[in-house]
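Here's a walk through one protein model, taking the strands, the helix pairs and a couple of single residues in turn. Have the 3D view open as you read.

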Amino acid sequence: MNPLRRYEIIMEILLAQKEVTVNELSERLDVTGKTIREDLAKLEEKGLLLRIHGGAVLAQSDQLGILSSKEPNIKHADEKTEIATIALRYIQPRDIIALDGGSTTLEIARRLVNQPLTVVTNDLYIISELVHKDEIRLVVPGGYRLRNMLAGPEAAEYVSKLNIQKAFISATGVHLQHGFTIYTSDLVDYKRALISSSAVVYGVADHYKFGQCALRTFAALSEISIILTDSALPVETAQQFRDAGIQLETQ
């Protein structure tokens, strides 16, 4: 098994359990404890986990745009509400939009008025939120369940054939060099399909994610039309992105 795949599996286990031991990972991945400790050190360098005695814990509880299988995560709720309010300005009746999976896009869904609208989403929480709004037409791709999301080649293939006007895309990290990143390859193809099928792509990311970088880049910054973020983004950080030709919007 190559190192990148090991990193993904380690992060998947951590997302499910929040904490894992070196011994457990060594047994599950069939590699030595030394290899696991080296893997954990590299993941800690990327800011994805924190090493503790005998194992590791997640660096952020709302890591990676994938939510807990038990209940939606509301960490940084004020920032997500602010971003959702901005996003609603761009959504008009009869639009065809896509809401990528994640806690910020879930907040957008919660605030959508029951109006004629088509919403494409792979997020089970968003589906649950919108199913009672009978004016909104839900379009749900196929695929297998990954926590609160539907993923896999079926989902990506389905979305690639759609004509989406506006997509709202989430990420683990937003980085000047590495672009929009996420930790697992399971969601890369789906996100790529959304971007390719959409006339306008809005990145939604709270200020904590700027300067962060996960394992997989799924989009260059140039592929994102506008990044919507909260007003706590440091002025100097915002200027760095604008100097690079990236359009940012805050309240």
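This is a predicted model: local features need pLDDT of at least 70, side-chain atom pairs count only at pLDDT 80 or more; totals for chains, interfaces and linings use all residues.

Who's touching whom? On the H1 side you'll find Arg6, Ile9, Ile10, Ile13 and Gln17, and they meet Glu24, Leu25, Arg28 and Leu29 of H2. Sorted by class, this contact has five nonpolar, one polar and three charged residues.

## H4 against H5

Helix H4 (residues 77-88) packs on H5 with the two axes 8 Å apart and an angle of about 55 degrees. That angle makes H4 oblique to H5, and the crossing is right-handed. From H4, the contact takes in Lys80, Thr81, Ile83, Ala84, Thr85, Ala87 and Leu88, while H5 brings Ser103, Thr104, Glu107, Ile108 and Arg111. The class count for H4 with H5 is five nonpolar, four polar and three charged residues.

Is threonine 104 buried or exposed? Threonine 104 sits in helix H5 (residues 103-111), and its relative accessible area is 4%. Buried means under 20%, so threonine 104 is buried. Setting aside neighbours within four places in sequence, threonine 104 is in contact with Lys80, Ile83 and Val204.

## An enclosed strand

Now for strand E12 (residues 198-204). Five of its seven residues are buried, so E12 is largely enclosed by the rest of the structure.

Which strands does E12 pair with? One is strand E9 (residues 164-169), which pairs with E12 in the parallel sense over five bridges. Within that pairing, isoleucine 164 has serine 198 of E12 as its bridge partner. Another is strand E14 (residues 226-228), joined to E12 by three bridges and also running parallel. Here glycine 203 stands opposite isoleucine 227 in E14.

## A three-stranded open sheet

Elsewhere there's an open sheet of three strands in the order E10-E11-E13, with antiparallel pairing. Strand E10 (173-175) and strand E13 (216-219) are at the edges; each has a single partner strand, so one side of each is left without a neighbour in the sheet. Neighbouring strands of this sheet are turned by 40 degrees against each other on average, direction ignored.

Zoom in on E10 and strand E11 (residues 179-182) and you'll see three bridges joining the antiparallel pair. Glycine 173 stands opposite threonine 181 in E11. Helix H8 (residues 188-197) lies across E11 and E13, and runs at about 15 degrees to E13.

## A glycine in a loop

Last stop: glycine 47, in the loop between helix H3 (33-45) and strand E2 (49-52). At 27% relative accessibility, glycine 47 counts as partly exposed. Find glutamine 212 as well: it is 165 residues away from glycine 47 in sequence, yet 7.5 Å away in space, C-alpha to C-alpha.

Terms used:
Residues are numbered from 1 along each chain as its sequence is written. Side-chain values use heavy atoms; hydrogens and water are left out. Buried means under 20% relative accessible area, exposed over 50%, partly exposed in between (1.4 Å probe, protein chains only). Helices (H or I, at least four residues) and strands (E, at least two) are DSSP runs, numbered from the N terminus. Two strands pair if DSSP finds at least two bridges between them. Contact means heavy atoms within 4.5 Å. Ala, Val, Leu, Ile, Met, Phe, Trp, Tyr, Cys and Pro count as nonpolar, Asp, Glu, Lys and Arg as charged, and the others, Gly among them, as polar. Axes are lines fitted to C-alpha atoms, for helices over the stretch in contact, and angles run from 0 to 180 degrees between N-to-C directions. Angles under 35 degrees count as roughly parallel, over 145 as roughly antiparallel, 65 to 115 as roughly perpendicular and the rest as oblique. A crossing is left-handed if the near helix is turned anticlockwise from the far one by less than a right angle, and right-handed if clockwise.
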